[in-house]
Amino acid sequence: MKTFPFSALARDRNEVFPELDVADVLLERRDAENVWLVRDERYQAARAALLTLARSMTIVVRSNRVLAEEALAEDLPWLTWLPEHERLQCVRELLAHLLAGADTGELLPYARARRSWTSTALAWSDPEIARDLTDPFDGSGGQPIDGAE
C-alpha cells in the first residue's frame, strides 16, 4: 500500500496512478474519511476470496458449531468475555453479515455488528458492569424511583 495526500490526486495524478500497478493507494484526507484506490482486478479477487471463505465458514457452522466458534474465536479472542448463550448468537450474526457482505460487496453492516459485539464483550469483561447486567433491572435507568431510596 502506498499513501498520498488526497490533493496529490488532483495535483499530480501521474504520480498516484502508476502505483496502482503494484499496490492499493490510500488517499489521506484532512476533513473527511480517507479514500482507497484499488484496481478492479484486485478488488474482485479479494471479494471472491471473501465470499468463498464466508460460505465455507457457514457450512462449517451448520455441521459443527463448536468448531466454527473455535475458529472464529481464534480471530476474535474477545468472544470469551461473552456469556455462552450470547457467544453463539454473536457467531451466527457475524457470519450472516459476513456472508451477505461478501456476496454484495457491502461490508459495513458486518463492521457495525462486529463493533457492537466487541463493545458488548468489553462490557461483560468488567466485573462491575457484568454484575449490573445480571442483576434484576427495575427500569429506572439507575435513577431513584420517586418515594424509593
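In strand E3, the bridge partner of valine 25 is leucine 37, and this pair belongs to a predicted model in which E2 and E3 pair in the antiparallel sense over three bridges. The domain assignment divides the chain into domain 1, covering 2-38, and domain 2, covering 42-132, and the centres of domain 1 and domain 2, taken over C-alpha atoms, are separated by 31 Å.

- Three strands make up an open sheet, in which the order is E1-E2-E3 and the pairing is mixed.
- Strand E1 (2-5) and strand E3 (35-37) are the edge strands, and because each has a single partner strand, one side of each is left without a neighbour in the sheet.
- Taken on average and with direction ignored, neighbouring strands of this sheet are turned by 25° against each other.
- E1 and strand E2 (residues 25-28) run parallel and are joined by four bridges; among the residue pairs, threonine 3 has leucine 26 in E2 as its bridge partner, while phenylalanine 4 has leucine 27 in E2 as its bridge partner.
- As background, strands of a sheet pair through backbone hydrogen bonds, and they do so either parallel or antiparallel.

**Salt bridges**

- The count of salt bridges comes to five, and the pairs described here include one between the side chains of aspartate 21 and arginine 39, with an N to O distance of 3.8 Å.
- Aspartate 21 sits in the loop between helix H2 (13-16) and E2, whereas arginine 39 sits in the loop between E3 and helix H3 (40-63), so this pair ties together parts that are 18 residues apart in sequence.
- With a relative accessible area of 55%, aspartate 21 is exposed, whereas arginine 39, with a relative accessible area of 30%, is partly exposed.
- A further salt bridge links aspartate 103 with arginine 55, and the closest N and O atoms of this pair are 3.3 Å apart.
- Since aspartate 103 lies in helix H5 and arginine 55 in helix H3, the pair ties together parts that are 48 residues apart in sequence.
- Aspartate 103 is partly exposed, its relative accessible area being 42%, and arginine 55 also counts as partly exposed, at 42% relative accessibility.
- Aspartate 75 forms a salt bridge with arginine 114, with the closest N and O atoms 3.8 Å apart.
- Because aspartate 75 lies in helix H4 and arginine 114 in helix H6 (residues 108-125), this pair ties together parts that are 39 residues apart in sequence; arginine 114 counts as partly exposed at 30% relative accessibility.

**Charged residues of helix H5**

- Glutamate 86 is located in helix H5 (residues 84-104), where this residue is buried yet has no salt bridge.
- The nearest side chain of opposite charge to glutamate 86 is that of arginine 87, which is 9.1 Å away, and a salt bridge would need a side-chain nitrogen of Lys or Arg within 4 Å of a carboxyl oxygen of Asp or Glu.
- When residues up to four places away in sequence are not counted, glutamate 86 touches Trp117, Thr120 and Trp124.
- Arginine 87 is likewise found in helix H5, and because buried means under 20% relative accessible area, arginine 87 counts as buried at 19% relative accessibility.
- With neighbours within four places in sequence left aside, arginine 87 is in contact with Glu69, Leu79, Thr80 and Leu82.

**A residue of helix H4**

- Alanine 73 has its place in helix H4 (residues 65-75), and at 23% relative accessibility alanine 73 counts as partly exposed.
- Alanine 73 and valine 91 are 18 residues apart in sequence, and their C-alpha to C-alpha distance in space is 8.9 Å.

How values were computed: Residues are numbered from 1 along each chain as its sequence is written. This is a predicted model: local features need pLDDT of at least 70, side-chain atom pairs count only at pLDDT 80 or more; totals for chains, interfaces and linings use all residues. Side-chain values use heavy atoms; hydrogens and water are left out. Two strands pair if DSSP finds at least two bridges between them. Helices (H or I, at least four residues) and strands (E, at least two) are DSSP runs, numbered from the N terminus. Axes are lines fitted to C-alpha atoms, for helices over the stretch in contact, and angles run from 0 to 180 degrees between N-to-C directions. Buried means under 20% relative accessible area, exposed over 50%, partly exposed in between (1.4 Å probe, protein chains only). Lys and Arg count as positive and Asp and Glu as negative; His and the chain ends are not counted. Contact means heavy atoms within 4.5 Å. Domain bounds come from an automatic or database domain assignment.
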